[in-house]
Amino acid sequence: MTAQTKRILSLNAFEGGTNLPADVAALVARRRNTFGAGSVLFYDEPLHIVKAEGCHIYTADGRKYLDLYNNVPSVGHCHPGVVAAVSAQLAAFNTHTRYLYDNIHDYAERLLASFPPALSNIVFTCTGSESNDFALRLARLATGKDGFVVTRTAYHGNTTAVTDVSPSSSRSGKLAPHVRIVEAPGSAAYGADIGAGFAAAVQAAIADLEAAGIGFAGLLVDTIFSSDGVFADPPGFLAPAVAAAHRAGGLFIADEVQPGFGRTGGGLWGFARHGLVPDVVTMGKPMGNGYPLAGVVTRPDLLQALCDEYGYFNTFGGSPAAAAAGLAVLDAIEGEGLIENVAKVGGHLKERLAALRGNAAGIGEVRGAGLYLGLDIVGEDGTSPDGAGASRMINALRAKGVLIGAAGPFGHTLKIRPPLCLGLDEADYFVDALSAICRGA
Ligand code: PMP
């Protein structure tokens, strides 16, 4: 299997099944009839959800699942503070975003205070894709160049421009002419000195863009490399590549849609783990805990250049209800000590998973930071990627009441990404279920 045969949307996908429960079969049929080829579902038997709370999801058949694969309800499913804040705002007023209202400024100021001082402007959008689309435009206008460097199995969203820089979206592996790929920053590709190896690869990709007459606009990475299979260590490995991008006159765009808002357990932002100041930061998913809220943080000079040419208006981006959601998420992260919880529970989980390697059949390396972990499922030799094994594991875990996803070029990495409020007992429940499956129990 080549690295490009698994599209990101093929991972843990429902391929159509028989013997589905009647309610599930009926909903699948209705979905097929209306969504057509655009329907994408998880699991051999899709879940029919009726309720959720904290780290748990409940299905129509009365089962309770531990949700380890959801960084949208990041501070917990149906978080009471978020529900109350959004409901109150919807009841008071909600509008498009060309009026004055207070809460968006409380939010903008509070959020910007968590960034390096140079990044002092924020643009609100509704999705991570819109944020990355905007970031690409910023980089093109700032540099006058077209080319971008991304990692092999990157996913950055679904607009036309962003699909071009999301190689994991394409089944054929066809690349747009202005995009160059580098391998994800792991020891498999770069040996012991990941920082130097990754920087050299980025530099070579930049040289290739320049040689082709396209030029280099920016390096765009998800700072925890989630769809590539989760790469977080050693902290700081990203800095030499970013220095190379800057030397070449391009921007560094940090996609924080996955690691942002406390998930790595060391502050709010994934890029901080690498001691970096990005030129542009894009955010999404966890920002509104399920309410569509996303954004771009950047330097005023870069934003000015884009607005001089185009301006920017987003009907829903940063609406009063979105701002209420965003503020309530920050309240929960701070008030409930969620970053400390992530560090504690994530550390415990990583230790327990690392101890399984060599002791449990099929368990390989564990990587990641905080509550963003990647666990490789491997063949009998202990290292070769086993995508089919990961798929079986995901469905076996589901049978034991644990929801989890896959990542990486071969789909062999279990992607562990629970709400930030995961408890130690819940982490243990997962590891015990995993060990039982490895034992054939
Ligand atoms: N960037 C990354 C790293 C993502 O994982 C995703 C979504 N999976 C996006 C951007 C796009 O976000 P959205 O689906 O909200 O457009």
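## Around the ligand

A polar side-chain atom of Asp255 sits 2.7 Å from a nitrogen atom of the ligand, a polar contact in the sense of a pair of N or O atoms within 3.5 Å. This is a predicted model, where local features need pLDDT of at least 70 and side-chain atom pairs count only at pLDDT 80 or more, while totals for chains, interfaces and linings use all residues. Residues are numbered from 1 along each chain as its sequence is written, and side-chain values use heavy atoms, with hydrogens and water left out.

Lys285 also reaches a ligand nitrogen, with an N or O atom of its side chain 3.1 Å away. Gly128 takes part through its backbone: a polar atom there is 3.0 Å from an oxygen atom of the ligand. On its own, the ligand has 400 Å² of accessible area, and the protein covers 83% of that (Shrake-Rupley method, 1.4 Å probe).

The shell around the ligand (residues with a heavy atom within 4 Å of it) includes Thr127, Ser129, Asn132, Tyr155, His156 and Asp222. By class, the shell has two nonpolar, seven polar and three charged residues; here Tyr counts as nonpolar and Gly as polar. Helix H4 (residues 128–143) gives the most to this shell, with three residues. Helices are DSSP runs of H or I with at least four residues, and strands are E runs of at least two, numbered from the N terminus.

## A mixed open sheet

Let's turn to the strands. Four of them form an open sheet with mixed pairing, in the order E1-E2-E3-E13; pairing requires at least two DSSP bridges between two strands. Strands E1 (49–53) and E13 (402–403) are the edges, each pairing on one side only.

Strand E3 (residues 64–67) runs parallel to E13, and two bridges join them. Asp67 has Leu403 as its bridge partner in E13.

## Salt bridges

The structure holds 14 salt bridges, each a side-chain nitrogen of Lys or Arg within 4 Å of a carboxyl oxygen of Asp or Glu. In one of them, Glu334 meets Arg110 at 3.2 Å, N to O. That pair links helix H10 (residues 320–335), which holds Glu334, to helix H3 (residues 103–112), which holds Arg110, across 224 residues. Arg110, Asp331 and Glu334 are linked in a salt-bridge network.

Arg367 and Glu365 also form a salt bridge, with their closest N and O atoms 2.8 Å apart. Arg367 is buried at 10% relative accessibility, whereas Glu365 is partly exposed at 30% (buried is under 20%, exposed over 50%, partly exposed in between, with a 1.4 Å probe and protein chains only).

Terms used:
A polar contact is a pair of N or O atoms within 3.5 Å; within protein, one must be able to donate a hydrogen and the other to accept it, and residues adjacent in sequence count only if both atoms are side-chain atoms.
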